[in-house]
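Before you set up any calculation on this model, please read through the points below with the structure open beside you. They go from individual contacts to the fold as a whole.

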Amino acid sequence: MGKTKTPFNTPLETGVRALAILDAMFPSWLDLQRLVQFDYLVVHSGDAGGPESLHPPVPLRTGELLVRREIIEKGLLLMMSRDLVRRVPSPAGIHYQASDKANAFLSALTAGYIAKLRERAAWIADRFADVTDEEIKKTTRRLFRAWTMEFHQIERSHGEEG
C-alpha cells in the first residue's frame, strides 16, 4: 500500500511556519537553531504558556525537536527559492531573514491556519525576541522534563495492560 501524503511537517508547511516567524521577527534574523526552537514553540505554544497550540497535543512530542532541524532547512530552501527568505552570512554563522516580499505573501494566504500561525508567530516575537540562548535552553529543558514524565506515564500504563 502506498504511503499517505500529509501536509503536516512537509517542507512547504515548515517553510511557511519559518517564514511567519521570520516575518514576525523582521528586521531581525535568526540562526537555524533558534528557528527550530521557535518552530516548536509556534506549533506547541500552549506547552510554553502561550495561546492554544497550533497543532493538537500528541504524546511523545520529544522526538519532534530531533527531526525538526532537517525539515526546516528544506522549508527554508523552498522559501529562499521563491525569494521570500534571505540567507545572511555573518561571523557568527548563517542566519535567516524574511525578505521584503514575505509579509505580502503571508497576507495573501487566507486559510484560518495561516491567521492562527501568524498570531502565534507574533506571540513568539513578543515573548522570546530578547531571550538569551541560555533562557531558551532552560525553557526547552523544562518542556523536555515534562515530556519525559509524559513518556514514563504512557510507558507505565502500557506495562500494566500486558
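1. Asp83 and Lys101. Asp83 is partly exposed, with a relative accessible area of 38%, where buried means under 20% relative accessible area, exposed over 50%, and partly exposed in between (1.4 Å probe, protein chains only). Lys101, at a relative accessible area of 43%, is likewise partly exposed, and the side chains of Asp83 and Lys101 meet in a salt bridge at 2.9 Å, N to O; a salt bridge here is a side-chain nitrogen of Lys or Arg within 4 Å of a carboxyl oxygen of Asp or Glu. Because Asp83 lies in the loop between helix 3 (62–81) and strand 2 while Lys101 lies in the loop between strand 3 and helix 4 (102–108), the pair ties together parts that are 18 residues apart in sequence. Helices (H or I, at least four residues) and strands (E, at least two) are DSSP runs, numbered from the N terminus.

2. Basis of the model. This is a predicted model, in which local features need pLDDT of at least 70 and side-chain atom pairs count only at pLDDT 80 or more, whereas totals for chains, interfaces and linings use all residues. Residues are numbered from 1 along each chain as its sequence is written, and side-chain values use heavy atoms, with hydrogens and water left out.

3. Backbone points to check. The phi of Asp83 is near 60 degrees, a positive value in a residue other than glycine. The peptide bond from Phe26 to Pro27 is cis, with omega near 10 degrees, and Pro27 lies in the loop between helix 1 and strand 1. As background, most residues other than glycine have a negative phi, and most peptide bonds are trans.

4. Other salt bridges. By the rule given above, the count comes to eight salt bridges. One of them joins the side chains of Arg118 and Asp23 (3.2 Å, N to O), and this pair links distant parts of the chain, with Arg118 in helix 5 (residues 112–128) and Asp23 in helix 1, 95 residues apart. Arg118 is partly exposed, with a relative accessible area of 25%, whereas Asp23 counts as buried at 15% relative accessibility. The side chains of Arg120 and Glu119 also meet in a salt bridge (3.3 Å, N to O); Arg120 is buried, with a relative accessible area of 5%, while Glu119 counts as partly exposed at 46% relative accessibility. Salt bridges that share partners join Glu13, Arg17, Asp39 and Arg68 into one network.

5. Glu13. Glu13 is found in helix 1 and is buried, with a relative accessible area of 9%. What does the side chain of Glu13 make with the side chain of His55? The two side chains make a polar contact at 3.1 Å, that is, a pair of N or O atoms within 3.5 Å, where within protein one must be able to donate a hydrogen and the other to accept it, and residues adjacent in sequence count only if both atoms are side-chain atoms.

6. Three strands form an open sheet with the order 1-3-2 and antiparallel pairing, where two strands pair if DSSP finds at least two bridges between them. Strand 1 (30–31) and strand 2 (85–90) stand at the edges with a single partner strand each, so one side of each is left without a neighbour in the sheet. Strand 2 pairs with strand 3 (residues 93–98) in the antiparallel sense over six bridges, and Val85 stands opposite Ala98 in strand 3. Helix 1 (residues 11–25) packs on the sheet, touching strand 1, strand 2 and strand 3, and its direction makes about 85 degrees with that of strand 3. Contact means heavy atoms within 4.5 Å, and axes are lines fitted to C-alpha atoms, for helices over the stretch in contact, with angles running from 0 to 180 degrees between N-to-C directions.

7. Helix 5. Helix 5 has 17 residues and reaches 24 Å from its first C-alpha to its last, close to the 24 Å expected at 1.5 Å a residue; the expected span is 1.5 Å times one less than the number of residues. Its buried residues include Ile114, Leu117, Trp123 and Phe128.

8. The chain overall. The secondary structure comes to six helices and three strands, and from the N terminus on the elements run α-β-α-α-β-β-α-α-α. Buried residues make up 40% of the 162 residues in the chain.
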